[in-house]
Amino acid sequence: MPVIRIASLDHPGLSDYAALTDVALRRILEPAGGLYLAESSKVIERAVAAGHRPRSVLLQEKWLPDLEWVAERFPEVPVFVASDELLERLTGFQMHRGALASMHRPVLPDPRELLAGARTVVVLEDIVDHTNVGAAFRSAAGLGADAVLISPRCADPLYRRSVRVSMGTVLQVPWTRIGEWKDAAPMLHEAGFTIAALALGDDSVSLPEFTATRPERVAIVLGTEGDGLSRRALAAADVRVEIPMLHGVDSLNVASASAVALYALRFMT
């Protein structure tokens with residue numbers, strides 16, 4: 001078992017785990033470097049089950065027995081073990097979940113491959129908060145979406161916080177990036193999808209009304225936290241759908257809205 005006990009931060013293999021609190025830096029380096037970070041033994045297990053390959057593992061001594069299977073399956077992968085104090089200095093936070101793994105990013109599939117056998121897909125347009133992205137993926141997994149498509153400016157689903165909030169479901173739900181709406185809309189239509197924008201408007205139909213006559217294939221589109229869906233997304237949509245609200249509230253958090261819409265599409269049709 002290639003266990004390396006770390007007494008200082010000079011080992012070159014630790015560079016993947018440094019400065020994790022610098023969100024802007026990680027957003028640039030992780031996709032370009034072909035890596036992402038899986039946090040906790042459960043998420044690491046789900047990543048490997050999804051076919052992802054670890055480059056290294058970093059953990060507290062007490063978590064070593066739980067991750068012996070990684071070394072058995074990947075004997076070439078170094079397992080770094082360090083004290084709590086050293087780990088906090090390296091990563092910038094307390095590792096309450098005990099383990100991190102630097103994982104090689106898989107090649108994203110062609111969106112047409114995901115659409116071929118899908119009935120319900122979620123499209124996330126320009127959602128910049130990693131927590132909301134992770135929560136939307138958890139809704140997609142738990143409520144039966146077949147795939148998630150994300151826009152070019154949407155936050156990274158494999159960012160550490162997204163993976164953690166999703167409880168690892170970003171590693172289970174098929175997903176990929178799509179292009180701008182001028183290309184994405186024709187692709188969805190060619191695959192037989194009705195594009196349903198979750199948005200308020202004078203011509204919006206209520207979610208119960210929409211699900212009562214739900215099309216065979218539906219792409220639910222959710223927009224960014226502040227401004228909602230772009231004009232291009234609204235122009236590409238075949239229908240606008242709104243969730244009926246009470247007490248003067250006009251909308252829900254985007255992750256909550258995804259859960260309500262997916263539940264309705266699955267159980268109210």
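Alanine 197 stands opposite valine 221 in strand S11. The model is predicted, so local features need pLDDT of at least 70 and side-chain atom pairs count only at pLDDT 80 or more, while totals for chains, interfaces and linings use all residues. Residues are numbered from 1 along each chain as its sequence is written, and side-chain values use heavy atoms, with hydrogens and water left out.

Strands (E, at least two residues) and helices (H or I, at least four) are DSSP runs, numbered from the N terminus. Two strands pair if DSSP finds at least two bridges between them. S9 (residues 194-198) runs parallel to S11 (residues 218-222), to which four bridges join it. Strand S12 (residues 239-242) also pairs with S9 in the parallel sense, over three bridges, and here alanine 196 stands opposite valine 239. Four of the five residues of S9 are buried (under 20% relative accessible area; exposed is over 50% and partly exposed in between, with a 1.4 Å probe and protein chains only).

Two aromatic pairs are found in the whole structure. Rings of Phe, Tyr and Trp (its six-membered ring) pair if their centres lie within 6.5 Å; planes under 30 degrees apart count as stacked, over 60 as edge-to-face and the rest as tilted. Phenylalanine 137 and tryptophan 175 are edge-to-face, at 6.2 Å centre to centre and 85° between the planes. The two lie 38 residues apart, in helix H6 (residues 130-142) and strand S8 (residues 175-177) respectively, and both are buried. Tyrosine 263 and phenylalanine 267 form a tilted pair, with 4.7 Å between centres and 40° between planes. About one helical turn separates them, because they are four residues apart in helix H11 (residues 254-267).
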